Amino acid sequence: MGVSYIDIIERMRWAGKLKNDSAVARVLGVTPQALSNYKKRGEMPTDLVLRFANIYGLSVDWLIAGEGEMYKPGKGGEPSLPNPDARQ
């Protein structure tokens, strides 16, 4: 089974309550164009997935596969950094 980076980015948007892919890119510290390229190529640097999981306290298993608990044990889902792009 391959990893669907489109699905990972959608889970990032949903978990982070982010409006769009540009907001995901800002959280990851990449340009929207870079994020679009990752989706098109079907690959993404592992450190970006891990960074997002750490910021939001997400389980890496959930973020990658959509399986298991969404949050790491003891995490309530609040981002560790302020998010100016959160949905109001």
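**Reading the helices and their contacts**

Modeller: Helices H2 and H3 pack at an angle of about 105 degrees, with their axes 8 Å apart. Axes are lines fitted to C-alpha atoms, for helices over the stretch in contact, and angles run from 0 to 180 degrees between N-to-C directions. This is a predicted model, in which local features need pLDDT of at least 70 and side-chain atom pairs count only at pLDDT 80 or more, while totals for chains, interfaces and linings use all residues. Residues are numbered from 1 along each chain as its sequence is written, and side-chain values use heavy atoms, with hydrogens and water left out.

Biologist: Which residues of H2 and H3 meet?

Modeller: A contact means heavy atoms within 4.5 Å. On the H2 side these are Asp21, Ser22, Val24, Ala25 and Leu28, and they meet Pro32, Leu35 and Lys39 in H3.

Biologist: How many helices and strands does the protein chain have?

Modeller: Helices (H or I, at least four residues) and strands (E, at least two) are DSSP runs, numbered from the N terminus. The protein chain has five helices and zero strands, and its pattern along the sequence is α-α-α-α-α.

Biologist: How is the packing of two helices described in general, and what are the values for H1 and H2?

Modeller: Two numbers are used, the angle between the axes and the distance between them. For H1 and H2 the angle is about 85 degrees and the axes are 10 Å apart. H1 is therefore roughly perpendicular to H2; the classes are roughly parallel under 35 degrees, roughly antiparallel over 145, roughly perpendicular from 65 to 115, and oblique for the rest. Ile9, Glu10, Met12 and Arg13 of H1 make the contact with Asp21, Val24 and Leu28 of H2.

Biologist: What span does H1 reach, and what span is expected?

Modeller: The expected span of a helix is 1.5 Å times one less than its number of residues. H1 has twelve residues, and the distance from its first C-alpha to its last is 16 Å, close to the 16 Å expected.

Biologist: Which residues of H1 are buried?

Modeller: Buried means under 20% relative accessible area, exposed over 50%, and partly exposed in between (1.4 Å probe, protein chains only). In H1 the buried residues are Tyr5, Ile8, Ile9, Arg11, Met12, Arg13, Ala15 and Gly16. Their cover includes helices H2 (21-28), H3 (32-41), H4 (46-56) and H5. Over the protein chain, buried residues make up 39% of the 88 residues.

Biologist: How many aromatic pairs does the structure hold?

Modeller: Rings of Phe, Tyr and Trp (its six-membered ring) pair if their centres lie within 6.5 Å; planes under 30 degrees apart count as stacked, over 60 as edge-to-face and the rest as tilted. The structure holds two aromatic pairs. In the pair of Trp14 and Trp62, the ring centres are 6.2 Å apart and the planes lie at 45 degrees, so this pair is tilted. Trp14 is in H1 (residues 5-16) and Trp62 is in H5 (residues 60-65), so the pair ties together parts that are 48 residues apart in sequence.

Biologist: Is Trp14 buried or exposed, and is Trp62 buried or exposed?

Modeller: Trp14 is exposed, with a relative accessible area of 55%, whereas Trp62 counts as buried at 9%. Not counting residues up to four places away in sequence, Trp14 touches Trp62 and Met70.

Biologist: Where does Leu58 lie, and what does Leu58 touch?

Modeller: Leu58 belongs to the loop between H4 and H5 and is buried, with a relative accessible area of 0%. Leaving aside residues up to four places away in sequence, Leu58 touches Ala15, Phe52, Ala53, Leu63, Met70, Tyr71 and Lys72. Its C-alpha atom is 9.4 Å from that of Met12, a residue 46 places away along the chain. Ser59 lies in the loop between H4 and H5 and counts as buried at 15% relative accessibility. Beyond its neighbours within four places in sequence, Ser59 is in contact with Glu69, Met70, Tyr71 and Lys72.
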